[in-house]
Amino acid sequence: MDEKLIAPELPVQKDPLSTDFEKGWHKVFSCEDLEVNKAISIDDFATQIVVWRGADGIVRALDLFCKHMGASLACGEVDGNGIRCPFHAWRWNDEGNCDDIGYANKIPPKAKTRSWKVKEEDGSIMVWYDPEEV
Amino acid sequence: MNRDQINEIPDRFPRGWFVLGHQREFEVNETRTIYGFNRKLTATRQQDGSIKFDAGDGESWPIIEKNQMVMCWHDHEGTAPDYEPDKIDACYSDDWSDYGMASFLVKNNCRELIDNMADKGHFGPVHQAPFEGFWNEAKDHTYTQEMTADSPILGRDLFSKARYEGPAYMTTYMSAVHDGAKVESRLLVSHLPLTFTSFQINFGVMVKKVPGMSPEDEKAFIQGYVDANNFAFGQDVAIWENKIYIPDPVVCDGDGPLHKLRKWYSQFLVDRADMPKGINMEKREF
């Protein structure tokens, strides 16, 4: 073979326990760059996360990829204070629970994802990392 | 290891027939270079009409021409084909147009495309296309999805029957009522893996000719369908290129038989001796 095909790298949800992140608050973004009803993905934290500002102005964070079929929640839409996945429109709240599926009669009890503590301080959005709590 | 970081890519390309292109793209005495399966493939249409196929590394894989397509057989184990796609009469009929073709590249493993067959729940959010009935059936190397819908965009009284024959060749029959007239069409959705994390979708659209329709109108009509499908695939690609693979998804009561579909697909990713039992599923509504 005289030419090598380039294989693109795929998205991953890193194991937050296999990083060298230290326990504490970590700056992930600046407050003024995240408007109400907007979501962003953060790649340089202990794992990939979605951070969004709900209708009430409060910032929240979850694991980036939907626990249902794996889509990036940052490609979805903020709905109220939760975030709705672009793939099947499952809505997740800041505790990591799915609280709405438009086409289901019942939300599966296992529909849970990992949530992250967030605060805003001195113009920065900070996310808490503690390996003992992960 | 944490359950949600298991995102392993299959260790091989699936076994089956793969479309290399429309027959008309292979002209006598011309050699076409096609990238697929992490290789550089070449296909030459010879003077006698046959195609000489070189898969590199001194390998020559089986090749067929069927339903207007040139297809190659790929098998990790190197065994001979055990099925062939069924003949579609419309592909050989003057009552139907030829396939209009288009293709594009997706950056993910080709298994991502397959989930759509059972993924009842994504049509609304991703394609804004609610439907009425949804059926699936798995039988040996085939997987069938039937759907009925009534949509202002896709058409009234829409019926579609999509069928995979093997892991990479899907054909769809579709009928819908547009402006009071019944329109019948056929889609081809085929793909060719380039690497383990990229694949090319080659799709085709043909329509049943409407008596009295001029060739220009027919061409424009087909192009309209190609564009509509391009648009719909664009919606899927935006998801596919920004997702991880969940090997064992938590499903809800409104989801289709995703686990069953994945089991069906897994038969093409193992040696024949290791093929899973229980891949068939009677036709069922979901």
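A: Strand β6 of chain B, residues 69-74, is mostly covered, with 6 of its 6 residues buried. Here a residue is buried if 20 or more other C-beta atoms, placed from the backbone, lie within 10 Å of its own, exposed if 12 or fewer do, and partly exposed in between. Strands are DSSP runs of E of at least two residues, helices are runs of H or I of at least four, and both are numbered from the N terminus. The model is predicted: local features need pLDDT of at least 70 and side-chain atom pairs count only at pLDDT 80 or more, whereas totals for chains, interfaces and linings use all residues. Residues are numbered from 1 along each chain as its sequence is written, and chains are lettered from A and ligands numbered from 1 in the order in which they are written.

In a regular strand, side chains alternate between the two faces of the sheet. Both faces of β6(B) are covered: Met69(B), Met71(B) and Trp73(B) are buried on one side, and Val70(B), Cys72(B) and His74(B) on the other.

Two strands pair if DSSP finds at least two bridges between them. Strand β1 of chain B, residues 16-22, runs antiparallel to β6(B) and is joined to it by 6 bridges; there, Val19(B) stands opposite Met71(B). Strand β5 of chain B, residues 63-66, is likewise antiparallel to β6(B), with 4 bridges, and Lys66(B) stands opposite Met69(B). The hairpin of β5(B) and β6(B) has 2 residues between the strands, and Asn67(B) takes a positive phi near 50 degrees in it.

Elsewhere in chain B, helix α3 covers residues 215-240; at 1.5 Å a residue its 26 residues should span 38 Å, and the end C-alpha atoms are 36 Å apart, which agrees. That expected span is 1.5 Å times one less than the number of residues. Phe221(B), Asp236(B), Ile239(B) and Trp240(B) are buried in α3(B), and the buried residues of this helix pack against β7 (100-106), α1 (111-114), α2 (123-127) and β13 of chain B.

Beyond its neighbours within four places in sequence, Val51(A) is in contact with residues including Val28(A), Phe29(A), Val118(A) and Ile125(A), contact being C-beta atoms, placed from the backbone, within 7 Å.

Ile125(A) is also the bridge partner, in β11(A), of Glu120(A). Strand β11 of chain A, residues 124-129, runs antiparallel to β10(A), with 4 bridges between them. Both belong to an open antiparallel sheet of 3 strands in chain A, ordered β1-β11-β10. Because β1 (24-30) and β10 (118-121) of chain A each have a single partner strand, these edge strands are left with one side without a neighbour in the sheet.

Chain A as a whole has 0 helices and 11 strands, and 38% of its 134 residues count as buried. Between the chains, 32 residues of chain A are in contact with 33 residues of chain B.

Note on methods. Contact = placed C-beta atoms within 7 Å.
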